[in-house]
Amino acid sequence: MKAKVLSEIQIDALTEVFNVGAGRAALSLSEIVGEEVMLSVPSIEVLKAEDVNSRVLTLKDDKFATVSQLFSGPFEAEAVLLFTENYALEIVRDMMGSQMSIEDLAEFEQEAMCELGNIILNACLSAMADMLGISLNSSLPTYAMSSPDEITARLADKRDEESGEDDDNDGSYVLVLHIDLVLEKHHTEGHLIFLLSSTSLSKLISHIQQYLNNIL
Amino acid sequence: MLATQSPKKVLIVDDSKVSRMVIKAHILAAYPEWSVQEAASGDEAIGAVERDLPDYCTMDINMPGMLGTDAAEIILAKHPQLRVVIFSANIQEAAQSRAQQLGALFVAKPVTEKSIAQALGHFARGA
């Protein structure tokens with residue numbers, strides 16, 4: 001069930017902010033892989049943490065190469081970039097130069113994927129920071145192979161952290177952003193997902209409202 | 001820009017209501033006498049142009065349904081005199097050159113006073 005914590009106009013503004021962010025991310029990615037990146041129209045859902053499952057996240061594959069980074073500032077968000085497993089290495093090959101064999105590349109996979117995630121996620125988050133007039137710091141990226149259930153489990157962790165600091169424990173919310181980055185030559189898709197705890201979400205909402213007040 | 005220009009008609013195409021509101025507000029701040037129409041998709045834009053031909057058009061690219069650049073191509077094929085600005089968050093080379101091929105000006109989002117000024121400059125050069 002969808003939680004109604006954002007007004008329609010706030011959802012619209014937030015979607016547009018992420019849209020600009022995804023545009024910058026796609027530019028970075030296209031320069032790395034030397035191919036146009038097709039972007040889907042972003043959609044945002046605010047969900048109760050307990051309602052989030054792999055179906056809601058629209059993760060159809062079994063395994064994903066995930067790069068995640070924590071962004072902190074006026075609010076905290078975990079940004080996760082997912083690529084379908086088989087093709088992550090091909091993207092790494094394009095980054096590193098095509099003369100290397102896939103076997104040799106496996107050695108660099110972790111480092112290269114972290115760097116790729118770092119570039120893409122920072123492109124996206126920096127657009128958001130610029131538009132909202134805030135400053136966001138990022139942690140070092142971490143790379144993991146994750147199943148949809150493991151990704152969902154991370155959300156559950158977030159809820160636990162939250163309930164510790166929140167006395168009126170009426171459940172926490174997560175913001176799930178869906179943007180697909182499609183690389184046709186590589187037959188692969190990347191997904192961007194942003195996870196915010198309810199505390200951070202309410203802070204983000206106040207910044208979005210401020211942004212709206214300034215522009216309208 | 002000549003103060004004696006007759007009032008113009010602008011069509012704003014964007015799936016984001018906020019973006020349409022901001023573009024509209026900036027345009028009307030500069031030209032209070034202009035009339036503004038809005039469309040939320042490429043299909044709606046094509047319909048709006050047929051009903052009431054505007055002088056100028058701002059067009060988003062990534063929208064549900066048809067791409068804004070495809071809608072602009074259809075519109076410009078029929079109405080080549082229309083001045084079009086492609087307003088997009090997708091700032092990749094491919095998107096920019098597509099806009100150029102259409103004879104439209106590419107302006108990177110976010111929609112700000114500065115980016116609106118670029119669009120208005122493009123409109124004025126066609127007046």
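A residue is buried if 20 or more other C-beta atoms lie within 10 Å of its own, exposed if 12 or fewer, and partly exposed in between, with C-beta atoms placed from the backbone. Helices (H or I, at least four residues) and strands (E, at least two) are DSSP runs, numbered from the N terminus. In a regular strand the side chains alternate between the two faces of the sheet.

Residues are numbered from 1 along each chain as its sequence is written, while chains are lettered from A and ligands numbered from 1 in the order in which they are written. As the model is predicted, local features need pLDDT of at least 70, side-chain atom pairs count only at pLDDT 80 or more, and totals for chains, interfaces and linings use all residues.

E3(B) has partners on either side. Strand E1 (residues 9-13) of chain B pairs with E3(B) in the parallel sense, over 4 bridges. Two strands pair if DSSP finds at least two bridges between them. B:Thr58 in E3(B) is the bridge partner of B:Ile12. Strand E4 (residues 83-88) of chain B also pairs with E3(B) in the parallel sense, again over 4 bridges. Here B:Thr58 stands opposite B:Val85, and B:Tyr56 has B:Arg83 as its bridge partner. These strands belong to an open sheet of 5 strands in chain B. The order is E2-E1-E3-E4-E5, with parallel pairing. Strand E2 (35-39) and strand E5 (105-108) of chain B are the edge strands, and each pairs on one side only. From one strand to the next, the twist averages 20°. Axes are lines fitted to C-alpha atoms, for helices over the stretch in contact, and angles run from 0 to 180 degrees between N-to-C directions.

The helices of chain B come next. Helix H3 (residues 68-78) of chain B lies across E1, E3 and E4 of that chain. H3(B) runs at about 175° to E4(B). Helix H2 (residues 42-51) of chain B has an axis that comes within 9 Å of the axis of H3(B), and the two cross at roughly 20°. That angle makes H2(B) roughly parallel to H3(B). Angles under 35 degrees count as roughly parallel, over 145 as roughly antiparallel, 65 to 115 as roughly perpendicular and the rest as oblique. The crossing of H2(B) and H3(B) is right-handed. A crossing is left-handed if the near helix is turned anticlockwise from the far one by less than a right angle, and right-handed if clockwise.

In H2(B), B:Gly42, B:Ala45, B:Ile46 and B:Val49 take part in the contact. They meet B:Gly68, B:Asp70, B:Ala71, B:Ile74 and B:Ile75 of H3(B). Residues are in contact if their C-beta atoms, placed from the backbone, lie within 7 Å. By class, the contact of H2(B) with H3(B) has 6 nonpolar, 2 polar and 1 charged residues. Ala, Val, Leu, Ile, Met, Phe, Trp, Tyr, Cys and Pro count as nonpolar, Asp, Glu, Lys and Arg as charged, and the others, Gly among them, as polar.

The crossing is right-handed. H1(B) contributes B:Ile23, B:His26, B:Ile27 and B:Ala30, and H5(B) contributes B:Glu113, B:Ile116 and B:Leu120.

Chain B also touches chain A. The contact takes 19 residues from chain B and 20 residues from chain A. Helix H1 (residues 17-30) of chain B gives the most to the chain B side, with 6 residues. That side has 10 nonpolar, 6 polar and 3 charged residues.

In chain A, strand E4 (residues 77-84) is mostly covered, with 7 of its 8 residues buried. E3(A) and E4(A) run antiparallel, joined by 8 bridges. They form a hairpin with 4 residues between them. A:Val67 has A:Leu81 as its bridge partner in E4(A). E4(A) is also joined to strand E8 (residues 188-195) of chain A by 6 bridges, and the two run antiparallel. A:Leu82 stands opposite A:His191 in E8(A).

Conventions
Two residues are in contact if their C-beta atoms, placed from the backbone, lie within 7 Å.
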